[in-house]
Amino acid sequence: MNLPNKLTVLRMALIPVFLIFMFADAIPWRYLWAAAVFGAASFTDYLDGNIARRDGLVTNFGKLMDPLADKLLVFSALICFIPLGRASALGVFVILARELLVTSVRLIAAEHGAVIAADKLGKLKTVFQIIWVLYTLFAMWVTWDILPPSPHSYSVQFFIGDVVLQLVVVVLTLLSGWNYIWKNRGLFDDIR
């Protein structure tokens, strides 16, 4: 297994560590630690892709597992955010539906002997998902761990994460999903 693929596997291995910090109330500053783990795991995505392209180590395993590792990492955070009121269940459903659709297209392509890598719009969507998650984790850390709790106020920090960044991610999710289906519509010729 080459280095980029090891980094992809490491990203998946960091997900349970991230979840421990998200659920362990007893750990001081747990949201800061969760952000650090999520950020490190996200950085492996940047590293594995650059190393794979630079050194000519692009593999079918990497083309398939790298996007899957990204999805698992992001969804572990988004699912944790729903009960905390930091993500809309509808927004998470839209994101999940897009990912399942794109994964289905990848499976159809694989049946035809093709491996489809993520495109630029899909990568932009992933970058904004990571920004959203990290921003929200830092907002939770500052608002809940650093500042004294104020149950009657809804901070600007949360508005930016809960509404603005989430909306940007959902729109990019829909656009990139449509773009992905449109670019690969030839795979569905046998359905007609």
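**Arg30 and Asp25.** I started with the Arg30–Asp25 salt bridge, where the closest N and O atoms are 3.0 Å apart. My criterion for a salt bridge is a side-chain nitrogen of Lys or Arg within 4 Å of a carboxyl oxygen of Asp or Glu. Arg30 is buried at 12% relative accessible area, while Asp25 is exposed at 63%. Buried is under 20% relative accessible area, exposed over 50%, partly exposed in between, with a 1.4 Å probe and protein chains only.

**Ground rules.** This is a predicted model, so I noted that local features need pLDDT of at least 70 and side-chain atom pairs pLDDT 80 or more, whereas totals for chains, interfaces and linings use all residues. Residues are numbered from 1 along each chain as its sequence is written, and side-chain values use heavy atoms, without hydrogens and water.

**Arg11.** Searching the whole structure gave me 11 salt bridges. Arg11 pairs with Asp66, closest N and O atoms 2.4 Å apart. That pair connects distant parts of the chain, helix α1 to helix α3, 55 residues apart. Helices here are DSSP runs (H or I, at least four residues), numbered from the N terminus. How accessible is Arg11? Its relative accessible area is 0%, so Arg11 is buried; Asp66, at 18%, counts as buried too. Arg11 also forms a salt bridge with Asp70, at 3.1 Å from N to O. Those two residues are 59 apart, again α1 to α3, and Asp70 is buried as well. Through shared partners, Arg11, Asp45, Asp48, Asp66 and Asp70 make one salt-bridge network.

**Helix lengths.** I checked α1 (residues 3-23): 21 residues at 1.5 Å each should span 30 Å, and the end C-alpha atoms are 31 Å apart, which agrees. The expected span is 1.5 Å times one less than the number of residues. For α3 (residues 60-84), 25 residues should give 36 Å, and the ends are 37 Å apart, which agrees. Gly85 follows α3 with a positive phi, near 75°.

**Core.** Which residues touch the most other members of the largest nonpolar core? Of its 33 residues, they are Phe18, Met22, Phe38, Leu78, Phe81 and Leu137. I count a nonpolar core as buried Ala, Val, Leu, Ile, Met, Phe, Trp, Tyr and Cys residues joined through side-chain atoms within 4.5 Å. Helices α1, α2 (30-54), α3, α4 (89-111), α5 (120-146) and α6 (156-183) each supply at least two residues of this core. A second, separate core has seven residues, including Val102 and Leu187.
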